[in-house]
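I opened my notebook for a friendly look through this structure. Here is what I looked up, entry by entry.

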Amino acid sequence: MKHQILSSLSLILPILHFSTSTLAQTVTAPAPSGPINITQILEKAGQFTTLIRLMKVTSVGDQINTQLNNSNQGMTVFAPTDNAFSSLKSGTINSLNAQQQVALLQFHVLPNFISMTQFQTVSNPLRTQAGDASPGDFPLNVTTSGNQVNVSTGVDDATVANTIYTDGQLAVYQVDKVLQPMSIFAAAAPATAPAPTMLKSKRKSPEGLSPSSGSDDSPADASGAERIALHGATVLVFGVSLFALL
């Protein structure tokens, strides 16, 4: 009897061991991670409806996703809230052409991952996806004060209010203003005033005369001179005649 029990146990124990191992592997297996999607991250965070719409219209959102999921290059995104867009002058975004809207969104994207602590050591100006960082184009400067990060464009200043998402490859930071690049929003320089020109004053031409005869730089009125000369001759003849009678 004892021998039979031991035999049964010897058969059952391997089965239990296999089942336990299989169960443990099923429970601890990590779930597959999906591709990064910037618009989904913003949708989950809320209050970014305008930014999401612009990312879809301009296809900048797709560009960000493609770059993040097909390369090891990190990225940093500054995300203005709906309130930030509402604070712009009415019609500002709609007044931009398609190329300017793309450049505006790319100005909010840095082509590398920057953590909050790394902002304290970055070199200004930061280069964005919009391109040239030289003054007058797309300069972006960051300053820190304790844990606060401020962003300046030369047109406006914004503050990083919150970290929306970070995973070591992508960092998304909430900002309280739309970052306005100088090349799009800087006030145009006033036009240079033309050099003063000498204007010739004109007198009203006497009736019956051509307009050219009335200008200051035209010869004196010939008919008037003739009348004066004729009057002088008449006086002279009258004087001579009177002298002869005497």
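Entry: salt bridges. I counted a salt bridge when a side-chain nitrogen of Lys or Arg sits within 4 Å of a carboxyl oxygen of Asp or Glu. With that rule I found 1 salt bridge in the structure. Lys56 makes it with Glu43, and their closest N and O atoms are 3.7 Å apart. Lys56 belongs to helix 3 (residues 49-58) and Glu43 to helix 2 (residues 38-45), so this pair ties together parts that are 13 residues apart in sequence.

Entry: ground rules. I noted that this is a predicted model, where local features need pLDDT of at least 70 and side-chain atom pairs count only at pLDDT 80 or more, while totals for chains, interfaces and linings use all residues. Residues are numbered from 1 along each chain as its sequence is written, and side-chain values use heavy atoms, with hydrogens and water left out.

Entry: I used relative accessible area with a 1.4 Å probe and protein chains only: buried is under 20%, exposed is over 50%, and partly exposed is in between. Lys56 is exposed at 52%, and Glu43 is partly exposed at 44%.

Entry: fold. I took helices (H or I, at least four residues) and strands (E, at least two) as DSSP runs, numbered from the N terminus. The chain has 8 helices and 6 strands. Along the sequence I read the pattern α-α-α-α-β-α-α-β-β-β-β-β-α-α.

Entry: aromatic pairs. Rings of Phe, Tyr and Trp (its six-membered ring) pair if their centres lie within 6.5 Å; planes under 30 degrees apart are stacked, over 60 edge-to-face, and the rest tilted. My search of the whole structure gave 4 aromatic pairs. For Phe78 and Tyr173 the ring centres are 6.4 Å apart and the planes stand at 35°, so I logged the pair as tilted. Phe78 lies in strand 1 (residues 75-80) and Tyr173 in strand 6 (residues 170-175), so the pair ties together parts that are 95 residues apart in sequence. Phe78 is buried, with a relative accessible area of 1%, and Tyr173 is buried too, at 2%. I also saw that ring pairs link Phe78, Phe119 and Tyr173 into a cluster.

Entry: whole chain. Of the 246 residues in the chain, 30% are buried. Taking contacts as heavy atoms within 4.5 Å, I found that 61% of those between residues at least 6 apart in sequence join residues at least 24 apart.
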